[in-house]
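Subject: A structure for you to look through

Dear colleague,

Please find below the structure that I promised to hand over to you. Have a look at it first, and then read on for what was found in it.

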Amino acid sequence: MKAVVIERFGDPGGLEVVDLPVPVPAPGQVLVATEAAGVGGVDAVIRRGALAAYGFRAGHVLGSEVAGRVSAVGAGVDRGWIGRRVWAFTGLSGGYAEQAVASVDDVLELPEGLTGAEAVALGGSGVVAHFALERARFTVGEAVLVRGAAGSIGITAVQLAARGDAGVVAVTTSSAGRGERLKDLGATHVLNRAGEGGPEAPTGFDVVIDVVGGPRLPQFLDRLNPNGRYVAVGVIGGQPPADFGVRLMDSFRRSLSFATFSSDTVPGPDRQAVRSSQFADAARGDLRTVVHEVLPLDQAAAAHREMDAGEVFGRVVLVP
Ligand SMILES: NC(=O)c1ccc[n+]([C@@H]2O[C@H](COP(=O)([O-])OP(=O)(O)OC[C@H]3O[C@@H](n4cnc5c(N)ncnc54)[C@H](OP(=O)(O)O)[C@@H]3O)[C@@H](O)[C@H]2O)c1
């Protein structure tokens with residue numbers, strides 16, 4: 001089968017299309033004939049070599065999520081799965097390939113009306129948005145800021161906050177065009193990456209959902225209202241400055257909360273329940289998925305170049 005591997009860590013030119021044996025599903029796993037593979041921000045982080053400490057080696061097949069039809073099952077898995085169209089989480093590897101294996105616990109049947117591309121634009125990221133807002137104890141009427149809203153986590157977080165009757169749904173983006181598209185999804189205010197948005201911009205927020213992190217994180221912590229809650233879900237902008245802990249303690253008298261959140265810590269059945277409900281919402285048109293572009297699998301390097309250039313709104317999807 002055709003698969004995309006990291007031949008050399010670094011720029012997207014290090015991605016290569018190779019022929020690999022079709023993986024054999026282990027006990028508890030299914031084999032999925034890939035119809036669509038999602039290209040995520042974390043794939044770019046792995047490709048750059050930033051996660052070398054986690055043991056990624058040359059020859060690594062990228063990709064965390066696919067949609068397609070189950071073509072075989074491992075021992076202990078109900079054969080009734082064979083032939084069903086599913087979304088599947090493949091871990092941190094294996095998705096950019098014509099066939100991919102996944103634990104049956106991480107597989108969900110697709111509802112009628114949801115395409116494979118839509119499923120991989122929502123499957124992994126939608127639950128992050130949902131549980132991050134839950135972790136932030138977001139309630140009706142509150143002012144929410146989604147920092148780094150143009151990615152698939154932010155796109156869902158904006159819609160969920162708007163649907164939850166937030167008083168304000170502000171977003172950060174570097175592009176006026178993406179700002180307009182986020183408004184169409186429910187954002188009420190568009191700020192630049194520094195958090196500036198002109199005289200109409202809200203000054204304080206009850207909740208911040210942050211995909212970015214990085215050196216500006218303390219500035220956004222300072223924008224929380226008393227009793228505000230900050231939930232960090234990503235680090236695409238890198239680590240916060242070394243004095244971040246001091247800045248956090250300086251906010252003591254405003255009773256702020258700062259949390260990190262990873263959907264890995266949510267019990268699998270809870271994740272699947274939320275994902276299933278989001279898929280049903282998306283199939284009905286009640287939750288919008290944003291597919292930036294669909295490219296052939298062998299264009300994975302081009303997809304990564306677009307991500308690195310900051311040109312992507314939503315998800316790039318690869319099809320074999
Ligand atoms: N917590 C979890 O469970 C979980 C699960 C999956 C992934 N993640 C993490 O989430 C992140 C990816 O999320 P995503 O796919 O939604 O985002 P993304 O598409 O990678 O990026 C979202 C947006 O952030 C903005 N951005 C990029 N670099 C920035 C910078 N240096 N400073 C400020 N803004 C910047 C860009 O928009 P503009 O150019 O418009 O500003 C970009 O479109 C990764 O860190 C990944 O590890 C977390």
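**A sheet of three strands**

Three strands form an open, antiparallel sheet in the order S2-S1-S4, where strands are DSSP runs of E with at least two residues and helices are runs of H or I with at least four, both numbered from the N terminus, and where two strands pair if DSSP finds at least two bridges between them. In general, strands of a sheet pair through backbone hydrogen bonds, either parallel or antiparallel. The edges are strand S2 (15-19) and strand S4 (60-61), each of which pairs on one side only. Strand S1 (residues 2-6) runs antiparallel to S4 and is joined to S4 by two bridges, and Ile-6 has His-60 in S4 as its bridge partner.

Please keep in mind that this is a predicted model, in which local features need pLDDT of at least 70 and side-chain atom pairs count only at pLDDT 80 or more, while totals for chains, interfaces and linings use all residues. Residues are numbered from 1 along each chain as its sequence is written.

**The whole protein**

The protein has eight helices and 16 strands in its secondary structure. Its radius of gyration, taken over C-alpha atoms, is 20 Å, close to the 20 Å given for 320 residues by the globule rule (2.2 Å times the number of residues to the power 0.38), so the protein is as compact as a globular protein of that length. Along the principal axes, the C-alpha trace spans about 60 × 40 × 35 Å.

The domain assignment, whose bounds come from an automatic or database source, gives domain 1 (2-109 + 290-319) and domain 2 (126-263). Six residues from domain 1 and nine residues from domain 2 make the contact, which for two residues requires that their C-beta atoms, placed from the backbone, lie within 7 Å. The C-alpha centres of the two domains lie 29 Å apart.

Of the 29 residues around the ligand, Gly-41, Gly-148, Gly-151, Gly-234 and Gly-237 come nearest, and a residue counts as near if its C-beta atom, placed from the backbone, lies within 6 Å. Helix H1 (41-48), helix H2 (116-135) and helix H3 (152-163) each supply at least two residues of this shell.
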